[in-house]
Amino acid sequence: PLLKPPPPRIKVSTVAPRNIEFRTEGGQVLGRGGDTLSIVAGTKRVVAVDRKRGVSSTLPLTGATLDYGALPTGTVTIKQAKKIYVWLGTDRLVGSAPITVVAGTYQMRITGKETPVTRTLTVKPGQPVVIDPVGE
């Protein structure tokens, strides 16, 4: 039987922190932030997964660079409460200043209460979100 030649590939550089993992839309890991990826020619989109905060974002592949910093962002502000902590994925959010995050849907955990609370947190592009951990 004749073997089909592998599809042609292109090299794409990434601009992202190392905790960002780039995948095909089918879930195959291509590499991490700072890597040069080998991607099948004709691919239109790549999924960027923030392994620390647990959010996935789709990036269009329009050139030779994937820039995670070009994704739309929003801000999250935590109202401070003693001994209560707010987490996005494994990243504990600290301080009362607004924190810029990539727009998307996160699993938020609030710990330090008698019963930890898990909620879905949606951050929309350009919009602030204020979290009151005492009221959750």
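Arg23 and Glu21 form a salt bridge, with 2.7 Å between the closest N and O atoms; the term denotes a side-chain nitrogen of Lys or Arg within 4 Å of a carboxyl oxygen of Asp or Glu. The model is predicted, so that local features require pLDDT of at least 70 and side-chain atom pairs count only at pLDDT 80 or more, whereas totals for chains, interfaces and linings use all residues. Residues are numbered from 1 along each chain as its sequence is written, and side-chain values use heavy atoms, with hydrogens and water left out.

Glu21 is buried at 6% relative accessibility, while Arg23 is partly exposed at 26%; buried means under 20% relative accessible area, exposed over 50%, and partly exposed in between (1.4 Å probe, protein chains only). Through salt bridges that share partners, Glu21, Arg23 and Arg51 belong to one network. The whole structure contains 5 salt bridges.

A further salt bridge joins Glu25 to Arg45, with the closest N and O atoms 3.0 Å apart. This pair links distant parts of the chain, 20 residues apart: Glu25 lies in the loop between strand 2 (20-23) and strand 3 (29-32), and Arg45 in strand 5. Strands (E, at least two residues) are DSSP runs, numbered from the N terminus. Arg45 is partly exposed, with a relative accessible area of 39%.

Asp91 and Arg53 also meet in a salt bridge, at 2.6 Å from N to O. The two residues are 38 residues apart, Asp91 in strand 10 (residues 91-93) and Arg53 in the loop between strand 5 and strand 6 (55-60). Asp91 is buried at a relative accessible area of 11%, and Arg53 is buried at 17%.

Asp50, in strand 5 (residues 45-50), is buried yet has no salt bridge; Arg53, the nearest side chain of opposite charge, is 4.9 Å away. A polar atom of the Asp50 side chain lies 2.9 Å from the backbone nitrogen of Lys52. Neighbours within four places in sequence aside, Asp50 is in contact (heavy atoms within 4.5 Å) with Asn19, Ile20, Val55 and Tyr68.

Strand pairing requires at least two DSSP bridges between two strands. Strand 1 (residues 9-15) runs antiparallel to strand 4 (residues 36-40), joined by 5 bridges, with Ile39 as the bridge partner of Ile10. Strand 1 also pairs with strand 7 (residues 65-67) in the parallel sense over 3 bridges, and Thr65 is the partner of Ser13.

Notes
Helix = DSSP H or I, 4+ residues; strand = E, 2+ residues; numbered from the N terminus. Lys, Arg positive; Asp, Glu negative; His and termini not counted. Polar contact = N/O pair within 3.5 Å; in protein donor to acceptor, adjacent residues only side chain to side chain.
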